[in-house]
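Me: Can we go through this one together, with me asking what the labels rest on and you answering from the values?

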Amino acid sequence: MKYIPSGMPLDGQVPLPSEYSDEKQYITFTAGAGTKIVAAGAGTVSYVGDSAEYGHIVKVDHGNGYVSVYCDRSEPTVNENDDVISGTTLYVMSEDQEVLTYQISYEGDFIDPYTVMDING
């Protein structure tokens, strides 16, 4: 189970994310400065890069067909090939009302993150 991205991608209490749709294939979270964006499951950082639209991208390969994708404007705190566990900090949000775009793919196809996330509260 620790290699399935079932954790929340933000540390602490955050508002519920946006809804997932087949058109956009991601969900978004809005939080404030200092909020940690964290690995939702154990794995290896397979990609760290930039996007004009989304800012910085971090991908975590969980080694079992699952890949979690995090897109945020803040600077990543991890590098490619880093091993992470659930809760490892990937970014620290630098602004209030910052938006994390979050995706999960399974065997190459994007899936609704709600189907694997353990949401409590």
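Me: How many bridges join S5 to S8, and in what sense do they run?

Reply: Keep in mind that this is a predicted model. Six bridges join S5 to S8, and the two strands run antiparallel. Pairing takes at least two bridges, so S5 and S8 count as paired. One example: Val67 has Ser105 in S8 as its bridge partner.

Me: What about S4 and S5, in which sense do they pair?

Reply: Antiparallel, over six bridges. Lys59 stands opposite Val69 of S5 there. The two strands also form a hairpin with four residues between them, and Gly63 in that turn has a positive phi of about 80°.

Me: What makes S5 mostly covered?

Reply: Seven of its seven residues are buried. Both faces are covered: Tyr66, Ser68, Tyr70 and Asp72 sit on one side, with Val67, Val69 and Cys71 on the other.

Me: Which residues touch the most other members of the largest nonpolar core?

Reply: Tyr70, Leu90, Leu100 and Tyr102, out of 24 residues in that core. The elements that give two or more residues to it are S1, S4, S5, S7 and S8.

Me: How many aromatic pairs are there, and why is the one between Tyr26 and Tyr54 called edge-to-face?

Reply: The count comes to four. For Tyr26 and Tyr54 the ring centres are 6.3 Å apart and the planes are at 75°. The cut-offs are 6.5 Å for the centres and over 60 degrees for edge-to-face, so this pair gets that label. The pair links distant parts of the chain: Tyr26 lies in the segment before S1 and Tyr54 in the loop between S3 and S4, 28 residues apart.

Me: Is Tyr54 buried, exposed or partly exposed, and why?

Reply: Tyr54 has 25% relative accessibility. Buried needs under 20% and exposed needs over 50%, so Tyr54 counts as partly exposed.

Me: And why is the pair of Tyr66 and Tyr106 called tilted?

Reply: Their centres are 4.6 Å apart, with 45° between the planes. Stacked would need under 30 degrees and edge-to-face over 60, so tilted is what remains. This pair also links distant parts of the chain, with Tyr66 in S5 and Tyr106 in S8, 40 residues apart.

Me: Which residues do ring pairs link into a cluster?

Reply: Phe29, Tyr70 and Tyr102.

Me: What makes you say that the charged end of Lys59 sits over the ring of Tyr47?

Reply: The charged end of Lys59 is 5.5 Å from the centre of that ring. The distance limit is 6 Å, so Lys59 meets that part of the rule.

Me: Last one: why is Ser6 called buried?

Reply: Its relative accessible area is 18%, and the limit is 20%, so Ser6 falls under it. Ser6 is found in the segment before S1. Leaving aside neighbours within four places in sequence, Ser6 is in contact with Ala40, Val116, Met117 and Asp118.

Key
Residues are numbered from 1 along each chain as its sequence is written. This is a predicted model: local features need pLDDT of at least 70, side-chain atom pairs count only at pLDDT 80 or more; totals for chains, interfaces and linings use all residues. Side-chain values use heavy atoms; hydrogens and water are left out. Buried means under 20% relative accessible area, exposed over 50%, partly exposed in between (1.4 Å probe, protein chains only). Contact means heavy atoms within 4.5 Å. A nonpolar core is a set of buried Ala, Val, Leu, Ile, Met, Phe, Trp, Tyr and Cys residues joined through side-chain atoms within 4.5 Å. Rings of Phe, Tyr and Trp (its six-membered ring) pair if their centres lie within 6.5 Å; planes under 30 degrees apart count as stacked, over 60 as edge-to-face and the rest as tilted. A charge sits over a ring if NZ of Lys or CZ of Arg is within 6 Å of the ring centre and within 35 degrees of the ring normal.
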